[in-house]
Structures are given as C-alpha cells and as structure tokens.
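This report describes a protein model together with its ligands.

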Amino acid sequence: MPCALTPGPSPAGGRGELLWNGLQSYPPMKVLFLHPGCLMYAEIYLRLEPLGLELVAAAARNAGHDVRIVDLQVQRQEEYFRELKDWRPDAVGFSLNYLANAPEVLDLAIRTRRIVPEAFLFAGGHSATFVAGEILAHAGGALDCVVCGEGEGIVGQLLEAAENHREKLYTLPGIVTREKARTGASQDAGGTPAPQFGTPVPQCGTRTPLIDNLGTVRPARDLLRRRRRYFLGPFDPCGSVEFSRGCPWDCTFCSAWTFYGRTYRKVGVEAAVENLARIPEPGVFVVDDVAMLDPEHAQTIADEIERRKIHKEYYLETRSDLVLRHPEVFRRWRGLGLRYMFLGLEAIDDDALRRFRKRTNVGSGFQALEVARRLGITVAVNIIADPQWDMGQFEAVRRWAASVPEIVHLTVATPYPGTETWAAEAHRLTTRDYRLFDIQHAVLPTRLPLDLFYRELVRTQEVLNRKHLGFAAGGHAFIHMARLLARGQSNFVRMLWKFHRVYNASRQAADHRREVRYEIALPEIGQVGNLPHATRVKMAASARGER
Ligand code: B12
Ligand code: SF4
C-alpha cells in the first residue's frame, strides 16, 4: 500500500486514510498507460517497444500501483476500450513523443474521459513537453495535466497528488495544468528551466528535474503483451536498450538536445548491461540519441558484455565524426555483434550542413561510410529533403544513392516545436495539422507543385527502397527470411511488400485535404528564449511574411 508523507485529512474524492503516525496511506491505484499507433515510417521499416513509457510504468509500479500498458502500435483500439470498461483504471497516462500523434491522443483522451469520468488523465513525452498548454486546451478538460520532461522521476509523486491533493498538482515541477498554462503561473519548485526554442513559457514553466541516476528504474518490459511484433528490419523480433541520454550538439532541426537542455548523461555500466541482459530478443536497438559518444563508456560496457558472455546483435544511431574519431570502438562493437548503424548524414552538400548546424562536413560523412564498410557494419543514412528542392535535386539524390552501397532514407525538413527551425520557420507553414508533422509530409511551401513534390519524393523513396529490397532479397537474406517465417516471425518479410500501400504520392497529397480538427499553435517572438541573432532576424522577417 503506497504511503505518502502528507499529513492531514484526505480531500474530498481521495481514497486515503490518515494513519496513527500522521502519514497518509492510500490503496494502490489502477494505472493504465497508453502508447498511440504507428506513423508512416513505423508502418514499414520498424516498430519498437516504447521504452520511455515502460520506464514510467515501472516507476509507477515501484510506487506500489497496479499498472498495465496498451501499445496501439501492436494492439487494436478495441482492446484499449475493452480494458477501460472491464478494468476501470483510476488513472490513464498517454504517451505523446510524436507530434503527429497529437490528434489521436486527444481523441482517445476525450473518449476515455467519457468512459471513466472520475479517472485522472495525464499525458507526457517528448512532444507533449513542447506543446503542453495547447494540448490541454484542445483536450477541453479531458486531460488533467501534462508532464513536461522525464516521467520516471515524478510519476510516483504525481499519482500521489492526483489521489490526495489534486488542487496542488500544479506545484509539482514540470506539471502543467490548464490553469497554470492559462495564467503562466510558475510556482513549482526544483524543476529544470524549460526547453528554449519555440516553447512558449506559459505552456511549461519548468521541466521535471533531470534524473541523476539513469538505469536504476528497470523498464517494465513484462507489461507489453505483443513483444514479438516489435522489429527493426531484419532484427525480427527486436528489443531496445538505453546506454545514454541527451546530446551535446545543437542541430537546428532537432529537439533531442533542447528536451534535455543539451546535457548528456550515461547509464551506469552495471545497470546498462543488466538491462541489456534482461532483453529476451536476440536483436537490440540502442535508443541513444548519439551512441558511442563517450569511448570509455562504450569500451567499459563492451568489457562487461564480454565478461557476462551476452550474445546479441545491435543496431544504433550515431554521428559520422564519432566513427572517424574512434574507429577502434566501432571495431570492438562489431566483434560484439554491431551489425547496423544509422548515420544522420542529412545532406550531400556542405551549405545545407552549415544551415543545419550539423558541425560536420560531407567529406567526413563519406569517410565514415568508408570506415564502416571496412568494418563490415551496414549503414543506413538519412538525407533531409528540402521542400524547396526541384526535379534536379531529387535526381541528384537518386543518382548518389544508387552509387553507394548504403541504405538511404529520405525525410522531409519539418520545423517542430522545440527546434530552432520551428522558431525561425513556423510563420511560413502551409498547414497546422499536427498529423502532417511526421517528417514524411511537406508542411512548408514546396517549390514544385505539391502533387509533383510528392511524386518526386515517393519516386526517390521507391528507388531507395528497391535498392534496399535488392540487398534484402539477395544471398543470406533469403535464408534469414525463411528462418524467420519458420519461427512464426513475419514482420520483416511483410514489410518488404508493403511499401506501395504506405508510400503513395496520391495518399500523401490527399492527407493535406483532410478535415483539420486540431491545429498546432504558432510561437510568438517574445516567447522564445536565447535564440541566435540570425534566427531572431529570420523569425521577424517570416512574421512579416517575407521569405
Ligand atoms: C528511439 C527513437 C525512435 C525509435 C522509436 C522508439 C519508440 N518506440 O518509442 C524509432 C527509431 C522507431 C523512431 C521512429 C520515429 N521517430 Co524517433 N526518436 C527516437 C529517439 C532518438 C529516442 C527516444 C527514446 O527512446 N528515448 C529514451 C526514452 C527513455 O525516452 P522517451 O521515450 O522520451 O521517454 C521519456 C519522456 O519522454 C517521458 N515520457 C514518455 N512517454 C510518457 C508518457 C507519460 C504518461 C509520461 C508522464 C511521461 C512520458 O518519460 C520517459 C522517461 O524519461 C528520439 C529523440 C529523443 N531524445 O527523444 C527520437 C524522436 C522522438 N523521433 C522523432 C521522429 C520524428 C521519429 C519518426 C517520425 C521518424 C520518421 N523517420 O518517420 C518515427 C516515428 C515512429 C512512430 N511512432 O511511429 C523525433 C520526434 C519529433 C516530434 N516532435 O514529433 C525525435 C525527437 C528525434 C528528433 N531528432 O527530433 N524513433
Ligand atoms: S541531430 Fe543528432 S547530433 Fe544533432 S542535435 Fe539531434 S541528436 Fe544531436
């Protein structure tokens, strides 16, 4: 039975009792956590366990509550609603990492409120942090609060407050209620200052304090009901692990660094490897923003993996300059099972890299590809398509992609709340439909007519996919697919034939014509902190309608 240091009588509606020693005791709450469905990319290439939500769920369970998770990436909405009606949770927590999922989460919250009117409903996650105030406004009372920042450190206190003194919720660091969002009140203590870019201060006075001791909460992997549905290309099934959190770089299009205030924290070696050892799947995705950033940490984890004789295969995301700086680390990890690496090359011209403030250049990106090839690590690279691209630029990317052995992905430049590009470009948006902010749609003006832009985009993605398919279908991959099917794992094989259904120029153009019920709020110049001068000038110009 959870026990809180909150003397005094229970407020009306609370279920707690006052104990002889003045402490408040209250029965465990039934807490249901929900992850929304897949976005385009996850429909095809990968679908991974929601590690952040598993951590929050574990922390709630450690606080003594009865906890369940529903993941709509691999479960149907009917299952969620059945769970609501049969189990009748006291609290429901919605995960909102991806901005494009906002309308789905809002609709689910509104329907949830009707089914369990007394329940405490809250949302959290990466995107929720940056748009907390507007999400609460859109929800029109369906959501009680939004948690800004990391969830595992605060969820115990949050549930305790929800149960016993809901009127004081807003005093918790990083917790935004409707009232707090409306008045801009920032009376919470001990929080970390709010992320800077595009984050209107009244939406989120502070974030939850950054956690000192990452890795001590063990993700509640056991709560996921369809683990075999998570996969990452040929890693089918696939688990996820976290070795570090945050990023010290400051690319203009990325919000990973603003979310964590440009900090970089490592999970202790023992905890990291223990968490890894507990993953039942043979393939593992390392979720770190920039894996292998600290070579010593990477080597010590490798030592421990060897000592414990853990045999897994790994897929990670990192930067090309790190591959060049510490090839010995990648060689060592290759020996341990590192098979795939995702490198955000982002562009094949230096001007664009400068604009993105990537702090690297095309030459070193290409050198890193060479190093990875020599090490036998398969690389997937990402290129950001600028909506201002013309036919020639698409063609150049197609030609380049065909000339290299790597897997190439194309995403569309998208300003997000929490990024510097959001502050600078938001006033040029052609749509404010959250659903289109998934880096597969163009939300800024395109140079080509929109239909043609999508035709070129899909055509390029198709060429890249065909190349990828060619690799996958050849040689060992065929045997691999046969083995997967024999084990009843069909995620990877299905993905190979699903491309045309998901990536389709007419479908993408039609997405712009859907009715929009929830619109993203635009930033105001006065609401963004510490922006570089050049960005402020750009912002002011775009606010005046200039390009
Ligand atoms: C790993 C990762 C993935 C994995 C998915 C992991 C998963 N299933 O959750 C893969 C590779 C599949 C992926 C895919 C995509 N991703 Co991604 N991804 C990341 C990355 C690098 C790390 C996320 C992570 O696991 N962090 C570690 C865990 C522990 O943290 P967390 O999930 O954030 O959870 C913490 C808090 O957010 C909070 N929290 C989370 N949920 C909840 C719920 C409640 C109730 C509460 C209280 C708190 C809470 O508490 C958690 C613990 O501290 C982030 C960058 C980042 N640093 O966030 C980008 C990021 C989230 N991805 C991004 C994008 C754009 C995408 C794609 C759309 C890309 C694409 N090419 O299409 C797809 C969409 C996938 C989909 N949902 O369908 C953007 C999101 C931008 C936005 N504002 O929407 C990010 C921020 C990267 C960036 N450069 O800006 N991604
Ligand atoms: S894109 Fe990568 S390197 Fe750049 S800020 Fe984001 S996580 Fe860091």
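## Shell of ligand 2

The shell around ligand 2 consists of 7 nonpolar, 1 polar and 3 charged residues. In this classification Ala, Val, Leu, Ile, Met, Phe, Trp, Tyr, Cys and Pro count as nonpolar, Asp, Glu, Lys and Arg as charged, and the others, Gly among them, as polar. The residues concerned are Cys247, Trp249, Asp250, Cys251, Cys254, Ala256, Trp257, Asp289, Val290, Arg319 and Gly344. A residue is counted as near a molecule or strand if its C-beta atom, placed from the backbone, lies within 6 Å of it.

## Basis of the model

The model is predicted; local features need pLDDT of at least 70, side-chain atom pairs count only at pLDDT 80 or more, and totals for chains, interfaces and linings use all residues. Residues are numbered from 1 along each chain as its sequence is written, while chains are lettered from A and ligands numbered from 1 in the order in which they are written.

## Shell of ligand 1

Ligand 1 is surrounded by 41 residues, of which Tyr41, Gly52, Gly93, Gly124 and Gly151 are the closest. By class, this shell of ligand 1 holds 24 nonpolar, 12 polar and 5 charged residues.

At least two residues of the shell come from each of α1 (40-44), α2 (51-62), β7 (91-95), β8 (120-124), α5 (126-130) and α9 (256-259). The most is given by α2, with 5 residues. Helices (H or I, at least four residues) and strands (E, at least two) are DSSP runs, numbered from the N terminus.

## Overall fold

The protein contains 23 helices and 21 strands. Of its 547 residues, 48% are buried. A residue is buried if 20 or more other C-beta atoms lie within 10 Å of its own, exposed if 12 or fewer, and partly exposed in between, with C-beta atoms placed from the backbone. Among contacts between residues at least 6 apart in sequence, 75% join residues at least 24 apart; two residues are in contact if their C-beta atoms, placed from the backbone, lie within 7 Å.

Ile44 lies in helix α1. Ile44 is partly exposed because 18 other C-beta atoms lie within 10 Å. The C-alpha atoms of Ile44 and Gly233 are separated by 8.9 Å, although the two residues are 189 apart along the chain.

## Packing of α2 and α7

Helix α2 and helix α7 (residues 155-164) pack at an angle of about 60°, with their axes 8 Å apart. That angle makes α2 oblique to α7. Axes are lines fitted to C-alpha atoms, for helices over the stretch in contact, and angles run from 0 to 180 degrees between N-to-C directions. Angles under 35 degrees count as roughly parallel, over 145 as roughly antiparallel, 65 to 115 as roughly perpendicular and the rest as oblique.

The crossing of α2 and α7 is right-handed; a crossing is left-handed if the near helix is turned anticlockwise from the far one by less than a right angle, and right-handed if clockwise. Val56, Ala59 and Ala60 of α2 meet Val155, Gly156 and Leu159 of α7. This contact of α2 with α7 comprises 5 nonpolar, 1 polar and no charged residues.

## Packing of α4 and α6

The axes of helix α4 (residues 102-115) and helix α6 (residues 132-139) come within 10 Å and cross at roughly 45°, which makes α4 oblique to α6. Ala102, Leu106, Ala109 and Ile110 of α4 form the contact with Ile135, His138 and Ala139 of α6.
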